[in-house]
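Dear colleague,

Please find below the structure that I am handing over to you. My notes on what was found in it follow directly after.

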Amino acid sequence: MLVILFIELKKIKMNKIPKYYIGKTYKIEARKVVEDFQADNFNLGTAISYLLRAGKKEKNPMQQDIKKAIAHLEFELERIKNNDKI
C-alpha cells in the first residue's frame, strides 16, 4: 500500500514539472543532464541548467538566464582561484 502511494505521489510530482525544464526532443529534464555530467560541481551544474533553460520561462528573458549562468561560472573560477592559494 505504501509503495503504491509513493508511486502515485511521484507521478503527481512529475506532472508538475514546468515545460521549460524538459528538453523538446528527448524529454529529459535539465537537472538530469547536469546530474549526469556535473553532479560533483554545483556552480558548473547550475550554470548549465540556466543555459539549457535560457529564455524558456515565461516573462524571463534569455539574457537574464545567461547572466545567471555567467555569475555561476565566475563563482566557480573564484572558488578554483581560492583553492589554488591553499
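Arg-31 and Glu-35 are joined through their side chains by a salt bridge, with N and O 3.8 Å apart; the term stands for a side-chain nitrogen of Lys or Arg within 4 Å of a carboxyl oxygen of Asp or Glu. This is a predicted model, in which local features need pLDDT of at least 70 and side-chain atom pairs count only at pLDDT 80 or more, while totals for chains, interfaces and linings use all residues. Residues are numbered from 1 along each chain as its sequence is written, and side-chain values use heavy atoms, with hydrogens and water left out.

Salt bridges

By this rule there are three salt bridges in the model. In general, side chains of opposite charge can pair when their charged atoms come close. Because Arg-31 and Glu-35 are four residues apart in helix α2, about one helical turn separates them. Helices here are DSSP runs of H or I with at least four residues, strands are runs of E with at least two, and both are numbered from the N terminus. An α-helix has 3.6 residues a turn, so residues three or four places apart point the same way.

Arg-31 also forms a salt bridge with Glu-29, where the closest N and O atoms are 3.1 Å apart. Are these residues buried or exposed? Glu-29 counts as buried, at 10% relative accessibility. Arg-31, in turn, is partly exposed at 44%, and Glu-35 is partly exposed with a relative accessible area of 46%. The cut-offs are under 20% relative accessible area for buried, over 50% for exposed, and in between for partly exposed (1.4 Å probe, protein chains only).

Another salt bridge links Arg-79 with Glu-76, and its closest N and O atoms are 2.5 Å apart. Arg-79 and Glu-76 are three residues apart in helix α4, so they are separated by about one helical turn. Arg-79 is partly exposed, with a relative accessible area of 37%, whereas Glu-76 is buried at 4%. Salt bridges that share partners join Glu-29, Arg-31 and Glu-35 into one network.

Helix α4 and its packing

Helix α4 covers residues 62-85, which is 24 residues, and reaches 35 Å from its first C-alpha to its last. This is close to the 34 Å expected at 1.5 Å a residue, where the expected span is 1.5 Å times one less than the number of residues. Which residues of α4 are buried? They are Asp-65, Ala-69, His-72 and Glu-76, and they pack against α3 (42-53).

His-72 belongs to helix α4 and counts as buried because its relative accessibility is 13%. Leaving aside residues up to four places away in sequence, His-72 touches Phe-42, Asn-43, Thr-46, Ala-47 and Tyr-50; contact means heavy atoms within 4.5 Å.

Val-34 in helix α2

Val-34 is located in helix α2 and is buried, at 11% relative accessibility. With residues up to four places away in sequence not counted, Val-34 touches Ala-39, Gly-45, Ile-48 and Ser-49. Between Val-34 and Ala-47 there are 9.3 Å in space, C-alpha to C-alpha, and the two are 13 residues apart in sequence.

Loops and surface

Most residues other than glycine have a negative phi, and most peptide bonds are trans. Which angle does Lys-27 show for phi? Phi of Lys-27 is near 60°, a positive value in a residue that is not glycine. Lys-27 sits in the loop between α1 and α2 and is exposed, with a relative accessible area of 58%. Lys-59 likewise has a positive phi, of about 65°, although it is not a glycine. Lys-59 is placed in the loop between α3 and α4 and is exposed at 79% relative accessible area.

Ile-28 lies in the loop between α1 (2-15) and α2 (30-38) and is partly exposed at 41%. Together with Tyr-26, Val-33, Phe-37 and Leu-52, Ile-28 makes a nonpolar surface patch of about 540 Å². Patches are made of residues with over 30% relative accessible area and no salt bridge, with like charges joined within 9 Å and nonpolar side chains (Val, Leu, Ile, Met, Phe, Trp, Tyr) within 5 Å. Accessible areas come from the Shrake-Rupley method with a 1.4 Å probe, and for residues only the protein chains shown count as cover.

Yours sincerely
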